[in-house]
Every structure is written in structure tokens, then in C-alpha cells.
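Hi,

Here is the structure I said I would pass on.

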Amino acid sequence: MCKETIDFDKIIDRNNTNSIKYDFALQSGKPENLLPLWVADMDFKVCGKILEALHERVEHGIFGYSEVQDDYFEAVQDWMKKRHNWNVESSWLVKTPGVVFALAMAVQAFTDPGEGIMIQKPVYYPFSEVIEENDRILVDNPLYLGEDGRYHMDFEDLERKAEQFQVKLFLLCNPHNPVGRVWTREELERLGEICIRRNIIVVSDEIHQDFVFEGKHQVFADLSEELRKRTITCTSPSKTFNLAGLQISNIFIADQKLRRRFRRQMGAAGYSQLNTLGLTACEAAYRYGGDWHNQLMEYLRANISYVRDFLKEKIPGIRLIEPEGTYLVWLDFRELDLTEEEREDLIIKKAGLWLDSGAMFGSAGEGFERINPACPRSLLKQAMESLERAVKEL
């Protein structure tokens, strides 16, 4: 465990570090000097034990082709068992440079051009990209926002479209980004029943599995033996420990035939050994990062509470969709009655903020914005106060 007290309030200057979040506003068509709370990486320094492991590896000074020994898998295995009560086997593991890469490999391995792949918008936008850019048919089973303020799956629509479009693959976001749902066991079981009945392979993106505020994360593949045989589970330390730039993900495929097809597609893509420092960081994170993560969760809870309370008190026209999971927050701006262009003008030009427009997650996201509160409280306070001033000027 990483027995250190973390100062998450400390502001670390990320400007001029080639940070996508901070240094590429102009290239992204945005004005300079925006306060960025968009892309899903955190403004917090990683666990000290991860830094120690990286420093030791760097000091060695040679960065040839690298693989991992049993210690790597044991660290990952232990984390999955203790945190998610999920028993994984070493033979299931396929390492990739990222979850989006794994999604693309699954699309290519398990479907042919022109075949249907189902997603649930509003959803993380690369889901759409890996389908459409590989000439597959995107089949949308949109989530709906219920009167209880939570998003839900439309199972009747799901089954109807699965049959209509002969869906071969389902890309599941679990927990769901950006709407923050932590799907219940019952919801996932109902989804699983349809996938079994329709012979659909499921790719379950569980990259946000370690960020649960309400409920309990249910590993989709662990629901039953039958679902384990048709599921590709995508995990990574990148969100949990803020390691996205080191490019390492752990993909678990229990079924040998599916695993062979997936590996064959990776071979066709020309990919083999992973980033040496990514492997080093991953093992150290899962072995020593538990206490750091526990402290992070407390800080994120407080940040989300700050946003919730601020909106209720100062900007009641913007509603927070209560996040059950992920560290991202989905905000409903529709009561302000602004067009997409007017809302972007409000956020960018008047408030000086860089958020993720809900429209990028699909038409069901129009009128919403995704905000990343994984930053020091003072920056979050600055952002919310800027937004308040901008709304008051409407």
C-alpha cells in the first residue's frame, strides 16, 4: 500500500508539458487560457510508489522490448479479487495499449463490414468511431432519463433492434460514461439474457470500475458461465491511477476461441510488446496504490458534493445528474433554453471554460455538458463561480 498522505489541493502546473488537456486549445479550435475541465484525466500526481518504480526503471537506462513476469499478473489478479470479488486467470489476459484500441480490435475480430454493432448513447464517443470508421453499422439503443433522475436501458428497443439489424456485437459501458450509471446486477442480467438469446458477443468497457459512489460494480462476465464465454472485459489502471499517457490496458477473455481471434487481429494490426514504463506503472499501481486510491475517492466525493451544492444554491437552472460511478459529472443545461451554439458561447466565451459538449456523445446528449471535477478544489471553485457569473449575464 502507498502509505502517504496526498495533498489533492496542491495545484500542479501542467502548462507547457504537451498535455492534451492544457496545451492544445488552439489546435482544438478553442481560445487560449480556458480553464480545462474536459478530457478524463486528473490533475493529481500519482502515488509515490508508482513514481519510485518508474524512477528505478528509468535509472536502469535501457528500454528494449519488454514483457512481464508472474508478479505483474498477480498484482492485477489481487486487485480484481479484493476490489471486485472477481477471480481472473492468467490465461485470460491480453495486454493492449488502451481500451479504445481493444474496442477496435474486437470490432474487427468479431464482425465483418456491414454488420450491426449496438451501443447505448449518449456514450463515450470512440464507441461510435470504432464502429463507423470500420464500416460497420451503428445500432443505437439509446438510454432514457427517467422521472427518478437516473438513466435506464430500454430493453424492448434493445431486443427489437438486435433482431432487426442482426446485431453481432454489443459495446457495453459499465459503469457508464458520461451518464454515471452503475448498472445493477438485475439490469445486466436482463441485458445478458438478450445477448445469449440473440447470440451476441459483448465487449464490456469497465475502465471506470474503481469509481463507484452508489451501488456496487458488477463485472458483466462474472454474472454466469455462459456470459463469461461470450464477453471481452476491458480494464485499465489508466483512469484509476491517472496513467493514461503510459498506454496500458488489461483485457480479459475467458473463452479460448474468442481470445485466439482477438490475438490474431492484434497480430494483423502489427502490435506486440507494450510500453515498458506502462507495464512498470501498472504493476506498481495495483500492488501499492490502494491507499492512494482510497484517499482519492474521498476527495472526489467532496468535489462532487461541492458541485451539487453550488448548482442547487447558485445556478438552479443547471441540474446535476447524480453520478453513481465514474469521476465525471453529467450536467443538464436544458432548462436554460439555449441552442447548442448559445450554450457553447456561454461556456467558452463568457465563462472561460473548456467542457465536453454533450452532443459529442450522440444526439441524446444535446443540452448536456460533461465536466471533470478531478482537480484541486480551488480550480473547481473558480470554474463554478465563472459559470455562475456567465449564467447571470444571460
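The second largest pocket holds about 360 Å³ of space, and please keep in mind throughout that we are looking at a predicted model. There are 20 residues in its lining, and N15, Y22, N33, L34 and P36 are the ones closest to its centre. If you want to find it by secondary structure, look for α1 (20-23), β1 (35-36) and α14 (377-392), the elements that each give two or more residues to the lining. Of these, α1 has the largest share, with three residues. Sorted by class, the lining of this second largest pocket comes out as 11 nonpolar, four polar and five charged residues.

Now for the largest pocket, which has about 1200 Å³ of space. Its lining runs to 46 residues, with A40, D41, L243, A244 and G245 nearest the centre. Here the elements giving two or more residues are α2 (48-60), α4 (99-110) and α9 (237-240). The largest share comes from α4, which puts in three residues.

You will notice that domain 1 is given as two stretches of the chain, 26-48 and 289-393, while domain 2 is given as 63-287.

That made me look at how the two domains meet. Taken over C-alpha atoms, their centres are 26 Å apart. On the domain 1 side 32 residues are in contact with 33 residues of domain 2. Together the domains bury about 2900 Å² between them, and carbon and sulfur atoms give 60% of that area.

Two salt bridges are found across the interface of domain 1 and domain 2. E324 also turns up in a salt bridge with R150, where the closest N and O atoms are 2.8 Å apart.

Over to you, and happy browsing!

Notes. Residues numbered from 1 in each chain as written. Predicted model: local features only at pLDDT ≥ 70, side-chain atom pairs only at ≥ 80, totals over all residues. Heavy atoms only, no water. 1 Å grid on protein atoms, 1.4 Å probe; cavity = no way out; pocket = protein on both sides within 12 Å on 5 of 7 lines; lining within 4 Å. Points joined across faces, edges and corners; volume = space filled by probe spheres on them. Helix = DSSP H or I, 4+ residues; strand = E, 2+ residues; numbered from the N terminus. Nonpolar A, V, L, I, M, F, W, Y, C, P; charged D, E, K, R; others polar. Domains from an automatic or database assignment. Contact = heavy atoms within 4.5 Å. Buried area = accessible area lost by both parts, 1.4 Å probe. Salt bridge = Lys/Arg side-chain N within 4 Å of Asp/Glu carboxyl O.
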